[in-house]
Structures are given as C-alpha cells and as structure tokens.
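Please consider how the pockets, nonpolar cores and aromatic pairs of a protein model may be read from its atoms.

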Amino acid sequence: MNNTYTDLVHQTFDFPQQDFHVKDNYLQFNDVDVKRLIDKYGTPFKLTYLPKIGSQINKAKKMFNDAIKRNKYDGKYYYCYCTKSSHFSFIVEETLKHGVHIETSFAYDIEIIKQLYKRRKINKETVIICNGFKTKAYTRNIARLINDGFKNVYPILDNKNEFEDYKRSIRSKDPVKIGIRIASEEEPTFDFYTSRLGIRNRDVLEFYVDKIKGNDKFQLKMLHFFMNKGIKDDIYYWSELNKVVNLYCQLKKICPELEGLNIGGGFPIKHSLAFDYDYNYMVNEIISNIKKVCKKNKVDTPDIYTEFGSFTVGESGAVIYSILDDKMQNDRETWYMIDSSFITTLPDTWGIGEKFLLLPINKWDKEYHEVHLGGLTCDSHDFYTSEEHINAVFLPKIEKEKGSEPLYIGFFHTGAYQDQLAGYGGIKHCMIPSPKHVVVEYNKEGVLEDWLYAKEQSPQSMLKILGYIR
Ligand SMILES: Cc1ncc(COP(=O)(O)O)c(C=O)c1O
C-alpha cells in the first residue's frame, strides 16, 4: 500500500521534524508519547509540554544576541513575556525560570504580579512593562506597585490622559520610568489604517516636550510599537519599523534618558509541517535596520525589548480529541465527529479562521481520505475543513471492526490565547465542558513527568453559575 497516511506526509513534507516523529505508527510530540497520555487520562484533553517554553525563550535570546554581535550593535536585548497569551501560573512561572521580563495588559494582571512577588518568583527589581488602554483601576494598581517600591515598572502611555493619572497617584522618590506606545499603521488589507492603541506618531514629540520634559518625577525611557500582523518580511513591517526608529532618533536628541525600543510581539509559529520562516534572517534585519537609521541620525542605538506571546507558549500546547464516529452526509463529504468542540476549545479556528497543525496520533499505517471535522455543538460553524497548506483535511480511514482502536487526532501549537479567548471553565456553548489539562515537564532527575492540572469541567460547576445549584 502506498496511500497510507505515512506516505502522504512523506510525499508532502520533510518528515520527521524536530518536534514530531512517529514510532510504531504512533505520533510523538517532542519527547511525549501522546498515546500513553490518552490511555492514562482519556480524551479530550489539553496538553502543555513545558520544556518548549524555555527552548523558545533561549532561542530568541540567542538569535538577538548573535545578531547584536554580528552587527556590532551597541545595545542589549531583553525578552518580555506577554502574560495575555497564557496567564496560567505554571506557564508564567516557567517563563520566569528563563530570565524574562513581564508585560501586562489589564488591571488584574497586577494581581498576578503581586502573587508572583509573594511566592518569590519575582522581586522588586523585575522589569514589568504595563501596556494597554488603561482603566482607572489599572493605573491605580500600577501606581501602587511603584509606590510599594517596585523599581522597574514601566507604564507605557497609550494616550495622553493616562499620564495625568500617574502624576496624581505616584509618590516615588526616584524618577518613574515611562514609555510611549506609538500607534502603528496597519496593512492596506486590514479593516482600518491606524491602530487604536498608542499615540499618533506625529503627536509624540510635541507631547513629550509639552508634558514630560522638565518633569523631574518622570523619565521617558522607552518607545513601543506593535504591528497587528506581526513581524513579517514585507514592506509594511520595514517601513513602520523605519518610521519608529526615526522617531526614536528625533526624541533621543532632546531626551537623553530614552534608551529602549520595544518592538512588541508578533513572531509567527508553526501552523503546518510546511512552515518556513527564517527567524535568524528577520532578527538580523531588525538589528541592522535599527543600527542603520541610528547611525544616519548620529544617535546611540537603543536596547531592544520584545514581548512575544504566541512564540513563547504557542508551540508548547496541543489539544487531543477522539473521533467518535464518521457520518456520510452526501456522496462526497465524510464528517468525523470529535468528542469536544472547536468553538469552545480552539476559538481562533472559528473567530479568525486560524489554522493549527493537525495530525493523527495513531493509524499512520492506514489509508487516508479527505474528511470534514465536526464539533459537538449545534452551531453550524463548529467545524474544521482546511489546513494552512491545503484547502482540505486528510486523515486515516476509520476501521469499523469491533475492538479496533478509535482514531485519535491532535491539534498542535495551540498554547497561546485559546483558553483566554474561550474562557476557562464558565459556561460553554451547548454546555460542552472545558477539557482536562495535562502538563508534561522534566523533573529534577531529568525524567519526563506528566500531571493533571485540571479535571474535565463538571456539570455542577456550570449549574452553579446558571443558578440551579446554590
Ligand atoms: C502590546 C502587545 N505586545 C505583545 C503582544 C503579543 O503578540 P504575539 O502573541 O503575536 O507575540 C500583543 C498581542 O496582541 C500586544 O498587543
């Protein structure tokens, strides 16, 4: 037989790959034998492979530091973890083990910061970059942190009024480090021209001169920008970066304490086995472009900060489902019904048409065919029918014989944003429960261990929220 799923993968991609290989027709995700976890916990479950987080952080640090050396760039690189991509304690604490700074987005993030401090995971020197359009509760919490002696909290001004809040509420003896976010221009294909976040590029200099310069309580230390479409090798990214660095240079000439450029998040991750993105090239171009513009303006180069979310946690995550049955709804379309819902477990597939890396866990020696994947809710959009590299989904055929193993499938690199968007626990569409969550990590002896972070959500937890149980 040369039309097995294994044949299909070998004909289409370079395979095996660093994080995926097959052993005895069962898929291995990094060092994890997924079938063993299925046997132990049962599907559906979410999986976090924690070691991937450290390796991503170290990979980015190495790439930026190598590029800094190669370009003889006079500035340092700092990796910040953007908590909004996954707030779970075991994720944030894992990132901290690898020497990251933290980026926050909302008032409640500051409660996380306080807990991390209580648990001695951070100290008052830890760099905390506070982004977002801020509510009063958020600016108040930021001010409290600074008043409590956290020395490296950087409120990043999203608008001019925010600054007034800090002027009123911060009582630090030392000057407070602040940043300004520059509203970036988006690609012409986007729904609007300019981001709603940040201050207009052309207003920044005047705002600095009028409001910040000469105020001994504050020092402008950082300029920040973030492009919604991410860090891509296209004209829009390079022209935006160029504009921001030019503004940095103009400001630096009148604001000598300015020393950091924060280029936000936006590194892509692998959503297909065909993924091909030259991270090293991009990092090198970023560093050399910044240096070029600074040199032209005769200005010292800034320290570089990034705030990678997807890149940090995305590739550590997976969701594993069983195929409950197949349904032939006409002569051409076969539906495979999963034992959960795409809408409730992978909301990006439904909300923004995101594709994730989909692979079967077993039956790699079986014939494949084209299928549609369906979720358990009654919503007509609870489906998944195309992949990043092809407008179709191919999976092994199901065997109907009694006693044969069900087909198990995995959506990989799902670790960023999905729980934050779906809401963890709570009420779900058609009351489909949040699945179990299994964490895999190396213990002190270097042995891979798995543990259950959360059980499947119970009906009682939903009935309580709905007011049936008090
Ligand atoms: C200010 C800021 N920084 C970082 C990020 C993280 O982006 P990503 O997950 O694409 O790396 C975002 C995402 O929305 C953001 O708004």
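The dialogue below takes up pockets, cores and aromatic pairs in turn.

Q: On what basis are the values computed?
A: The model is predicted, with local features needing pLDDT of at least 70 and side-chain atom pairs counting only at pLDDT 80 or more, while totals for chains, interfaces and linings use all residues. Residues are numbered from 1 along each chain as its sequence is written, and side-chain values use heavy atoms, with hydrogens and water left out.

Q: How is a pocket to be read, and what volume does the largest pocket have?
A: Rolling a probe the size of a water molecule over the atoms shows where empty space is left. The largest pocket has a volume of about 1600 Å³ (on a 1 Å grid over the protein atoms alone, a pocket is an open set of points where a 1.4 Å probe fits, with protein on both sides within 12 Å along at least five of seven lines; lining residues have an atom within 4 Å of a point). Its lining has 50 residues, of which Phe226, Asn228, Lys229, Ser310 and Tyr417 are the closest to the centre. These lining residues comprise 20 nonpolar, 17 polar and 13 charged.

Q: Which residues are the closest to the centre of the second largest pocket?
A: The second largest pocket has a volume of about 270 Å³. Among its 13 lining residues, Gln18, Lys59, Lys270, Tyr279 and Glu315 are the closest to the centre.

Q: How is a nonpolar core to be read, and which residues have the most contacts inside the largest one?
A: In soluble globular proteins, nonpolar side chains tend to be buried together. Here the largest nonpolar core has 82 residues, and Ile263 and Phe267 have the most contacts inside it (a core joins buried Ala, Val, Leu, Ile, Met, Phe, Trp, Tyr and Cys residues through side-chain atoms within 4.5 Å; buried means under 20% relative accessible area with a 1.4 Å probe, protein chains only). Apart from this core lies another, of 27 residues, including Trp364 and Tyr408.

Q: How is an aromatic pair to be read, and how many does the structure hold?
A: A pair of aromatic rings is described by the distance of the centres and the angle of the planes. The structure holds 36 aromatic pairs (rings of Phe, Tyr and Trp, the last by its six-membered ring, with centres within 6.5 Å; planes under 30 degrees apart are stacked, over 60 edge-to-face and the rest tilted). The ring centres of Phe29 and Phe412 lie 4.9 Å apart with planes at 50°, so this pair is tilted. Phe29 and Phe412 are both buried.

Terms used. Grid points are joined across faces, edges and corners, and a volume is the space filled by probe spheres set on the points. Ala, Val, Leu, Ile, Met, Phe, Trp, Tyr, Cys and Pro count as nonpolar, Asp, Glu, Lys and Arg as charged, and the others, Gly among them, as polar. Buried means under 20% relative accessible area, exposed over 50%, partly exposed in between (1.4 Å probe, protein chains only).
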